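Student: I have a chain open on my screen and I'd like to go through it step by step. Could you walk me through it?

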Amino acid sequence: NKLMSAIFNGTTLALVNAGIPMKSLLTCSECVITKEGLLILDPTLKEEKDHPSAIIGAFVQPVNGLEGNISYLNSRGPISQSSFEEIVSSVRFACNSVFAFMKIALERSVGDEEFRKPF
């Protein structure tokens with residue numbers, strides 16, 4: 001589902017760059033779970049194929065810095081209930097990292113003051 005993350009993140013960047021008014025931004029990331037229970041964030045295509053369990057999630061990223069809510073969540077393969085919250089938390093962390101990168105890219109693209117204006 002590498003494509004899904006790219007679609008979400010690319011669309012968000014394109015909308016902002018086009019000047020479309022938005023109240024918040026959307027970021028997306030994926031996490032696969034190995035047979036040993038290890039988590040791999042933003043896996044390669046090979047890692048996706050090698051590990052049948054994964055969660056992909058998109059989070060709303062408010063520009064004011066508050067923690068965003070889940071906007072999209074999809075899972076595949078067996079995932080224990082006990083590890084679900086840890087996995088979602090890891091996906092949230094990855095989405096926050098994507099958001100930090102987006103902010104830098106957008107500030108450079110449209111200017112720091114322009115980006116910080118209310119959407």
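**Walking through the chain**

Tutor: Starting from the N terminus, the elements of the chain follow the order α-β-β-α-β-β-α-α, where helices (H or I, at least four residues) and strands (E, at least two) are DSSP runs, numbered from the N terminus. This is a predicted model, in which local features need pLDDT of at least 70 and side-chain atom pairs count only at pLDDT 80 or more, while totals for chains, interfaces and linings use all residues. Residues are numbered from 1 along each chain as its sequence is written, and side-chain values use heavy atoms, with hydrogens and water left out.

Student: OK, how do the strands go together, and in what order?

Tutor: The four strands form an open sheet in the order β2-β1-β3-β4, with antiparallel pairing; two strands count as paired if DSSP finds at least two bridges between them. The edge strands, each pairing on one side only, are β2 (39–41) and β4 (70–76).

Student: And how many bridges join β1 to β2?

Tutor: Three bridges join these antiparallel strands, β1 and β2, and isoleucine 33 stands opposite leucine 39 in β2.

Student: Switching topic, which residues make up the largest nonpolar core?

Tutor: That core consists of eight residues, namely Cys31, Ile33, Ile55, Phe59, Ile87, Val88, Val91 and Cys95. A nonpolar core here is a set of buried Ala, Val, Leu, Ile, Met, Phe, Trp, Tyr and Cys residues joined through side-chain atoms within 4.5 Å, and buried means under 20% relative accessible area, as against exposed at over 50% and partly exposed in between (1.4 Å probe, protein chains only).

Student: Which element gives the most to it?

Tutor: With four residues, α3 gives the most to this core.

Student: What does cysteine 31 touch?

Tutor: Setting aside neighbours within four places in sequence, cysteine 31 is in contact with Leu39, Ile40, Leu41, Ser53, Ala54, Ile55, Ile87 and Val91, where contact means heavy atoms within 4.5 Å.

Student: What about serine 90, is that one buried or exposed?

Tutor: Serine 90 is buried, because its relative accessible area is 17%. Serine 90 lies in helix α3, which covers residues 81–110, and, not counting residues up to four places away in sequence, serine 90 touches Leu39 and Leu41.

Student: Last one: what share of the whole chain is buried?

Tutor: Of the 119 residues in the chain, 35% are buried. As for contacts with a separation of 6 or more, 59% of those in the chain are between residues 24 or more positions apart.
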